[in-house]
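Here's a quick briefing to read alongside the coordinates. Have the viewer open and follow along topic by topic.

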Amino acid sequence: MTSKPEMTASEIASAVAGRRMSALDATEAALSRIKQHDGILNSFTDVTAERARAKARAIDAEIAAGKEVGPLAGVPFAVKNLFDAAGLSTRAGSKINRDLAPAKRDASLIERMEAAGAVLVGALNMGEYAYDFTGENVHDGPSRNPHDTTRMTGGSSGGSGSAVGGALVPIALGSDTNGSIRVPSSFCGIFGLKPTYGRLSRARSFPFVASLDHLGPFARSAADLALAYDAMQGPDAEDSACTTRGLEPTLPLIANPVSDLRIAIAGGYFQKNVFPEAVEAVSRVAKALGATKVVDVPGAARARAAAYVITTTEGASLHLDRLRKRPNDFDPAVRDRLIAGAMVPAPMVDRAQKFRRWYRAQLAEIFKSVDVLLAPATPCTAPKLGQVNFNLDGVELPVRANIGVHTQPISFIGLPVVAVPVPLEPLPIGVQIIAAPWREDIALRVAHALEKMGVAAAPAPRGI
Amino acid sequence: MAEPLDDYIDAVSKALALPIEEAWRPAVRANLEVSLRLARLVDEFALPDETEPAPIFTA
């Protein structure tokens, strides 16, 4: 059989393991789609074709020898270019990092994906040093939205959103510090999982904000998210924030009923700064799940402010030497934000970290009586590339600063979230399915249920 | 006319040995105004003295 763009990772792995399709055919099909469409989408910065073919042949040889293969056998995937991939310089969307020596070893999560049989086909475009919500990159050009190539992918994992939304690969990996998995998922109409802070190892990925950085998968179905996520779980001594919890597989639980779950709509802050499409998407999801209760989240605006302060100051500290030595090699917008971050007085950062603990306690209280919170993933569908402002209720607001207003207060305390795509016309938009810490299984279960009900779906790309 | 934050920006720029070209100054100042406004929103919220910061070092 031939690999088709609409095939999920689960279908590819099943066909490869069942000898109905070779891993090499699945890989060649992905490489061919990249060749055909990435000139427009600009989602890839590196295509690792030879490496991918070698890996695919090795899987096919194992199958021919009658050996057991992993649950992702022959599934092509790609990673945001802040993951180390052996032989490539980890550019993290920057010009400066291109001078780094090529990575000697893959990031932990690439190793785990490949141990499960997946095939790395390349590295993906991203906003410079992940300080971005647009997916625009001054050095590599913008990644483009697969549903309308004049629009943003969202960022900073823009290439990840574009590659999966454009069905070039069924799975991509990205990072999320303030929304960088959930925002591109929303704009590109795909599923994205930002796991609990500390759940997935960040070893051998280029950091941004150690206090807030998460890694996670993108896919075109909730089951594929679970498949990739389960393959990547597990402790890792090389990431000091990585949990020592054992594996907690989610795929076996994903089809369990959701009727016993207490699901509420996040109110107050999360119902402000939204365009009608975001209201409509949350409303459709809530209706399908029978959720009517609205829960106010105390301190959400301050949580967003504190996340901003921690981000700008830790980011400034990370890049201080580069700002001193090579300021003209940064994207000016990133540089000027980071320089300002270096000037925030230290007590304000300490207070932001203390507020984080207070806010965590507020959410812990809410999760005593609720299993899931629903909130918009973005205030709107994908803006135009280069768009500076949008008009909300007669008020002009800057696009960049407002794209992540609904994601930041959630990642701030590391809650697990699945962003589900609601296929509105003419463009999709995401809704956050938010669970208590370490309950990715619940968020994935709800996402899967919404998919089965036809409320959430990754639309076929129309822009390519 | 000098903006209120300019003296502060100059002083911190010197203290951190972090040069700022004149052409960047308006954008740095605008970003700093946003950062300080948001930091003040957190700052004005009273927390008990015993509150620990979120990341706790484990020896």
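Where in chain A does Ser156(A) lie? You'll find Ser156(A) in the loop between strand S3 (119-124) and helix H5 (158-165) of chain A. Keep in mind that this is a predicted model, and the predictor gives the complex an ipTM of 0.95 and a pTM of 0.97.

**Confidence**
- Chain A has an average pLDDT of 97, with 100% of the residues scoring at least 70.
- Among the elements of chain A, strand S12 (residues 417-422) has the highest mean pLDDT, 99, while strand S11 (residues 395-398) has the lowest, 84.
- For chain B the mean pLDDT is 92, and 97% of its residues reach 70 or more.

**What the record says about chain A**
- UniProt, in an unreviewed entry, lists residues 25-441 of chain A as "domain: Amidase".
- That span is 35% helix and 15% strand, and its end C-alpha atoms lie 32 Å apart.

**The nonpolar core**
- The largest nonpolar core has 158 residues, and the members that touch the most others are Leu374(A) and Val418(A).
- Helix H9 (residues 300-325) of chain A gives the most to this core, contributing 10 residues.
- Setting aside residues up to four places away in sequence, Val418(A) touches Phe191(A), Leu193(A), Ala222(A), Leu225(A), Ile433(A), Ala443(A), Leu444(A) and Ala447(A).

**Helix H1 of chain A**
- Helix H1 (residues 9-17) of chain A has several buried residues: Ala9(A), Ile12(A), Ala13(A), Ala15(A), Val16(A) and Ala17(A).
- What do the buried residues of H1(A) pack against? Their partners are helix H2 (23-41), strand S4 (171-176), strand S6 (214-219) and helix H7 (222-232) of chain A.
- After H1(A) comes Arg19(A), with a positive phi near 65°.

- Phe412(A) sits in the loop between helix H13 (408-411) and S12 of chain A.
- Leaving out neighbours within four places in sequence, Phe412(A) is in contact with Leu212(A), Ala303(A), Ala306(A), Ala307(A), Arg356(A) and Tyr359(A).
- Phe412(A) and Leu450(A) are 38 residues apart in sequence, and their C-alpha atoms are 26 Å apart in space.
- His319(A) lies in helix H9 of chain A and is buried, with 24 other C-beta atoms within 10 Å.
- Again leaving aside neighbours within four places in sequence, His319(A) is in contact with Tyr129(A) and Leu338(A). His319(A) and Tyr129(A) are 190 residues apart in sequence, yet 9.3 Å apart from C-alpha to C-alpha.

- Another cis peptide bond joins Glu425(A) and Pro426(A), where omega is about 0°. Pro426(A) is in the loop between S12 and strand S13 (429-435) of chain A.
- Asn273(A) isn't a glycine, but its phi is positive, near 55°. Look for Asn273(A) in the loop between strand S7 (263-266) and helix H8 (276-289) of chain A; Asn273(A) is partly exposed, with 17 other C-beta atoms within 10 Å.
- Over in chain B, Ala17(B) has a positive phi of about 50°, though not a glycine either. Ala17(B) lies in the loop between H1 and H2 of chain B and is exposed, with 8 other C-beta atoms within 10 Å.

- Chain B has two helices and zero strands. Its radius of gyration is 16 Å, well over the 10 Å that the globule rule gives for 59 residues, so chain B is more spread out than a compact globule.
- The C-alpha atoms of chain B fill a box of roughly 45 × 30 × 15 Å along the principal axes, and 15% of its 59 residues are buried.
- How many residues of chain B are in contact with chain A? There are 25, and they are in contact with 28 residues of chain A.
- On the side of chain B that touches chain A, helix H1 (6-15) and helix H2 (25-43) of chain B are the elements giving two or more residues. H2(B) gives the most, with 11 residues.
- By type, the residues on that side of chain B are 20 nonpolar, three polar and two charged.

Definitions and conventions
Residues are numbered from 1 along each chain as its sequence is written. Chains are lettered from A and ligands numbered from 1 in the order in which they are written. This is a predicted model: local features need pLDDT of at least 70, side-chain atom pairs count only at pLDDT 80 or more; totals for chains, interfaces and linings use all residues. A nonpolar core is a set of buried Ala, Val, Leu, Ile, Met, Phe, Trp, Tyr and Cys residues joined through C-beta atoms within 7 Å. A residue is buried if 20 or more other C-beta atoms lie within 10 Å of its own, exposed if 12 or fewer, and partly exposed in between; C-beta atoms are placed from the backbone. Helices (H or I, at least four residues) and strands (E, at least two) are DSSP runs, numbered from the N terminus. Two residues are in contact if their C-beta atoms, placed from the backbone, lie within 7 Å. The radius of gyration is taken over C-alpha atoms; the globule rule is 2.2 Å times the number of residues to the power 0.38. UniProt positions are given in the numbering used here, feature names are shortened, and annotations may be inferred rather than shown by experiment. Ala, Val, Leu, Ile, Met, Phe, Trp, Tyr, Cys and Pro count as nonpolar, Asp, Glu, Lys and Arg as charged, and the others, Gly among them, as polar. pLDDT is the predictor's confidence in each residue, from 0 to 100.
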